[in-house]
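Here is a short briefing on a predicted model.

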Amino acid sequence: LAVMLLDNAIESCDKKEKIVRFTTINKLTDKCFSVSDNGDGINESERFKIFEPFFTTKEKKQGLSLALLHQVVNKKGGRVKVRTSKLGGAKFTICFPVEGV
């Protein structure tokens with residue numbers, strides 16, 4: 001899952017200097033990681049569409065990776081959040097519940 005997000009983040013950075021940040025977050029009830037980039041970000045109107053199969057804003061792409069990512073995370077009881085990154089692009093955070101809490 002992390003590799004899929006990292007790949008998308010790198011592709012989204014059209015700038016000369018590509019900045020992609022991977023962060024892990026350990027909470028009492030969740031284990032999370034996030035991927036942030038300095039790309040163009042995701043429009044508010046598209047944030048609800050990006051997890052739909054075959055939706056893409058990129059040329060020569062199929063629009064399946066985020067749909068698959070969302071499906072796998074949900075199936076495992078996790079959740080995906082999409083926000084604007086402090087780097088200027090998108091920030092995806094994936095959290096899974098810690099079992100037994």
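The model holds an open sheet of 4 strands, ordered β1-β2-β4-β3, with antiparallel pairing. β1 (20–26) and β3 are the edge strands, and each pairs on one side only. Direction ignored, neighbouring strands of this sheet are turned by 15° against each other on average.

**Strand pairing**
- β1 and β2 (residues 30–37) run antiparallel and are joined by 7 bridges.
- Within this pair, V20 stands opposite D37 in β2.

**Helix α1 on the sheet**
- α1 packs on the sheet and touches β1, β2 and β4.
- The direction of α1 makes about 20° with that of β2.

**Helix α2: the buried side**
- Helix α2 spans residues 65–75, and its buried residues include L66, A67, L69 and V73.
- These residues lie on the same side of α2, because they cover an arc of only 160° around the axis.
- An α-helix has 3.6 residues a turn, so residues three or four places apart point the same way.
- The cover over the buried residues of α2 includes α1 (2–12), β3 (79–84) and β4 (90–97).

- Q71 and K75 are exposed, on the face of α2 turned away from its buried side.
- G77 follows α2 and has a positive phi, near 85°.

Note on methods. Residues numbered from 1 in each chain as written. Predicted model: local features only at pLDDT ≥ 70, side-chain atom pairs only at ≥ 80, totals over all residues. Heavy atoms only, no water. Buried < 20%, exposed > 50% of the residue type's maximum accessible area, 1.4 Å probe, protein only. Helix = DSSP H or I, 4+ residues; strand = E, 2+ residues; numbered from the N terminus. Arc of directions from axis to C-beta. Contact = heavy atoms within 4.5 Å. Pairing = 2+ DSSP bridges. Axes fitted to C-alpha atoms, helices over the stretch in contact; angles between N-to-C directions.
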